[in-house]
Amino acid sequence: MIEQEIAQFEKYYDMIRTYLLTYSMQLLAAILIFAFGLWLAKKLAGATHTLLVRHNIDITLTNFVSNVVKVIVVTMFIIIALGKIGISVTPFVAAIGAASLGAGLAVQGMLSNYGAGLALIATRPFVVGDTISIKGASGQVKSIELGHTILINEQKVEITVPNKHIIGEVLHNSFNYSHVEGQIGIAYSASATTAISVIENILRHDDNVAKDPAPQVGIEEFADSSVTISYRYWTPTISLIENKLNVNHAIYQGFKDAQIEIPFPQRVVTVKSNASKLD
């Protein structure tokens, strides 16, 4: 038994030694070709990335194109290296094609996300930093991947949206700003003109409130116990909550300084009493 194992080991050893002696130069050449291919792929991918960045191309598209260039170059040199040591790549190509077909049928949803991701990168309906709203999800675009897009909202919660749910849907893009709407009630005896002027002045001098589009302030409605003043403005999404709280505090303090009354809900109750005399 031991002699058979030794004989089999010697057989494999002789085969490997013969192969190395016969194809040692080809094997060394294949290794050198592959190493050169890796170096060249890295250089070309870096040069492509630098070129696209210099021309202010979107960062997602830049990364995608540079990675594609790297993969193509590496694949070409792998094929050349395999051919150098006498390995035909034709059967591998056929096997990869068959496997790709089966994998494609099994992961149709994933592939549809990738296809949608390519469409987003090509058409660029939004870029990183924009604030979008799609199918009930809204937030600032943090990253655009091939399979999904990551949003981050004002609560700093990351929202992952599959790309297939973005293509073909109604998309709202406010770029890097978000719309804020607020209301405050004043007494009917107070001056609505003064109240509007106070709010306009606060919004005008707040650096975190966008100047274009300009803020809007006016009377929203006449409620039972107050006149409702409505105000709308745009502010950077990245600091939405902070800016909203600061503006609300400034408006409240401005009303106090201007002695504008903010009433609480009131209700007038009339009690009728019928006096009757008993004989």
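Which residues of α5 are buried?

**View 1. Helix α5 and its buried residues in the predicted model.** Ala192, Ala195, Ile196, Val198, Ile199, Ile202 and Leu203 are the buried residues of α5, where buried means under 20% relative accessible area with a 1.4 Å probe and protein chains only. These residues lie on the same side of α5, because they cover an arc of only 155° around the axis, taken from the directions from the helix axis to the C-beta atoms. An α-helix has 3.6 residues a turn, so residues three or four places apart point the same way.

**View 2. Asparagine 163 in the loop between β4 (158-162) and β5 (172-173).** Asparagine 163 counts as buried because its relative accessibility is 0%. Its side chain is joined to that of threonine 149 by a polar contact of 2.8 Å (a pair of N or O atoms within 3.5 Å, one able to donate a hydrogen and the other to accept it). Leaving aside residues up to four places away in sequence, asparagine 163 touches residues including Asn113, Leu120, Glu145 and His148, with contact meaning heavy atoms within 4.5 Å.

**Notes.** Residues are numbered from 1 along each chain as its sequence is written, and side-chain values use heavy atoms, without hydrogens and water. In this predicted model local features need pLDDT of at least 70 and side-chain atom pairs count only at pLDDT 80 or more, whereas totals for chains, interfaces and linings use all residues.

How values were computed
Buried < 20%, exposed > 50% of the residue type's maximum accessible area, 1.4 Å probe, protein only. Helix = DSSP H or I, 4+ residues; strand = E, 2+ residues; numbered from the N terminus.
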